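Let's walk through this structure together, one region at a time. Keep the sequence beside the coordinates as you read.

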Amino acid sequence: MQAASSIGTSLDFYLFVSFALFTIGAIGAMTRKNMIVLLMCIELMLNAVNLMLVTFSTYYGNGDAQIFVFFTMVVAAAEATVGLSIIIMAYRNLKSIDIDMYNQLKN
Amino acid sequence: MDSIVILFISGLLGLFVGMRRQPLSALVISSLGLTGAALAAYFRGQYTSPLAAYTAYIPTQSAVVILLCIVTLLAIWGGYQRYRQENEHTGDYLSLVLFSLCGAIMMAQPNDLMLFFIGLEILSIPIYVLVGIEKGSALSAEAAVKYFFTGSFASAILLFGIALLYGATGSFQLVEIQSNLAIGIWQSPMAMIGSLFLLAGFAFKIGAVPFHFWGPDVYQGASNAVLMYMSTVVKITGIYAIVNVFGQIFRDSYFYWIDLISLLIVLSMFYGYITAWKQTSFKRLIAYSSIANAGLMLFALADIHNSNIFLFVAAYAFATIPLVTINEFADQNSDDLSNWEGIAWKNPLVGAALVLALFSLAGIPPLAGFFGKFSLLWSAVPHIPYTAVLALIASVIGAFVYLRLLMLALKKPEVQVKKALSAEQTIVLLLTTISSITALYLI
């Protein structure tokens, strides 16, 4: 519980940073066109959640969320691996990583 | 737990056999693994593993696991035709399906949000790869790109919701979250926003309006075999997960959500069926039909205490799989609806399976689809009567969509060309047809 008291006064600050990171990531993921940048924005969102989980974990004084953060990191790594390979495969087919070029699927 | 281990091991074996370019052996190993997993779920479903206390995962209801295994088995057999000819990726395809199914089994009945999220990712990541498994095709690449970016965005949103719920309640265990919410934390904005984000992530995974936009494009770009797997298993898993998570978290306060859920149901059903009406591509038609069916499945949330969704999802899966198999039979490389003209006359089994599957999807009485829809709506009517009435109107529109496809398939051709089904396709069509008819005796 000592940890809980040490973070208690500044909880708002950590949450603010984490919300800001998440919002930047989300807006970037919705507006940017380059697929590599999109991947980075999604990673930013996941890392914002990690920061929030660690903050809450310290606030509540239990370790559950810190374990979760490791799993989230593994998931983020797996997603980056698969995402980059999909981007490479897509680039070989269309010679572009601009997401707007991918508009052939329609009725 | 046993099922997951069996699936994982047979997936690994399938990779090795696939490396040696033996598609048939890979199919046999995967089928044995799936059968073993279903048997393990049946005989040892109540068995509590020594790790259960630690992992907080206990399979409470083995029926779902068995259904998922059977549906996957039918999907890999129905899609095997293509992989017998191009034996390059057979092992990869089958193993990715099995790995993804491990995640589905983890995710379908969670009692802990941490395990639920990991299961969701284990389910999703192999499917991103599966959608793009045809490396040379630009459409497949586009579908994979779209599914990957929208899917991982939705995962991040869902994770954000989980983190906010943890912040509001201090636990990932559904039981503890429920008891903490019940003492009044429920009113806090953090819990409300958290559960909204969670609902958005779920709606994305099952493809309900307004998070449906990825569906038609991804389904169109994926191959028939992958389409069969992702249009059934992902939906079944998603709806079971949402019923379990929301049913446990909001056990006493679910009526707060019922208006929002009703909105999702009505929007999905009308949008799905009305848009399906003017499609010229079979895969897009199936995608819009699956959006509408996702709306129907959400009726399970109306009465969380005794939701009766098993028959409906089983009927939906057993009707979608033969339709996609028939699309594979019609033309492997095209999904244009013109291929369907007069297809029922090419093979008697195809004709019978097609009529029964479409009638089952439309909800015509003696078939499984009718009983599924009936039991689902019956338990929901006392809680959301007006939504149920709107859903019935939408179902009538949907019946005409399916009848239009049926008319196209039954158009008598001038020259009759017979075409033989492969052995696996025959088995799939027979099994799904029989189960659509005999559903009456199962309830």
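Predicted model: local features only at pLDDT ≥ 70, side-chain atom pairs only at ≥ 80, totals over all residues.

A:Lys95 lies in the segment after helix 4 of chain A, where helices (H or I, at least four residues) and strands (E, at least two) are DSSP runs numbered from the N terminus. Although A:Lys95 is not a glycine, its phi is positive, at about 55°.

Residues are numbered from 1 along each chain as its sequence is written, and chains are lettered from A and ligands numbered from 1 in the order in which they are written.

Now step back to chain A as a whole. Chain A has four helices and zero strands, giving the pattern α-α-α-α along the sequence. The radius of gyration of chain A is 18 Å, whereas a compact globule of 107 residues would have one near 13 Å; the radius is taken over C-alpha atoms, and the globule rule is 2.2 Å times the number of residues to the power 0.38. Along the principal axes, the C-alpha atoms of chain A fill a box of roughly 55 × 25 × 25 Å. Of the 107 residues in chain A, 30% count as buried. Taking contacts in chain A between residues at least 6 apart in sequence, 53% join residues at least 24 apart, a contact being two residues whose C-beta atoms, placed from the backbone, lie within 7 Å.

How does chain A meet its partner? In this model, 31 residues of chain A are in contact with 35 residues of chain B. On the chain A side, helix 2 (11-31), helix 3 (35-60) and helix 4 (64-94) each supply at least two residues. Helix 4 of chain A gives the largest share, 15 residues. By class, the side of chain A that touches chain B has 24 nonpolar, five polar and two charged residues. Here Ala, Val, Leu, Ile, Met, Phe, Trp, Tyr, Cys and Pro count as nonpolar, Asp, Glu, Lys and Arg as charged, and the others, Gly among them, as polar.

Buried residues make up 60% of the 443 residues in chain B. Residues 24 or more positions apart account for 78% of the contacts in chain B with a separation of 6 or more.

Within chain B, have a look at helix 4 (residues 62-78) and helix 15 (residues 310-330), whose axes come within 10 Å and cross at roughly 5°. Axes are lines fitted to C-alpha atoms, for helices over the stretch in contact, with angles from 0 to 180 degrees between N-to-C directions. That crossing makes helix 4 of chain B roughly parallel to helix 15 of chain B, since angles under 35 degrees count as roughly parallel, over 145 as roughly antiparallel, 65 to 115 as roughly perpendicular and the rest as oblique. Helix 4 of chain B contributes residues including B:Leu67, B:Val71 and B:Leu74, and helix 15 of chain B contributes residues including B:Ala317, B:Ile321 and B:Glu328. This contact has 10 nonpolar, two polar and one charged residues.

Another stop is B:Ser140, in helix 8 (residues 138-169) of chain B. B:Ser140 is buried, with 23 other C-beta atoms within 10 Å. Beyond its neighbours within four places in sequence, B:Ser140 is in contact with B:Val131, B:Gly132, B:Glu134 and B:Gly221.

Finally, consider confidence. Chain B averages a pLDDT of 84, and 92% of the residues score at least 70; pLDDT is the predictor's confidence in each residue, from 0 to 100. Over residues 49-60 of chain B, pLDDT stays under 50. The model scores ipTM 0.92 and pTM 0.91.

Methods
Buried ≥ 20, exposed ≤ 12 C-beta atoms within 10 Å, placed from the backbone.
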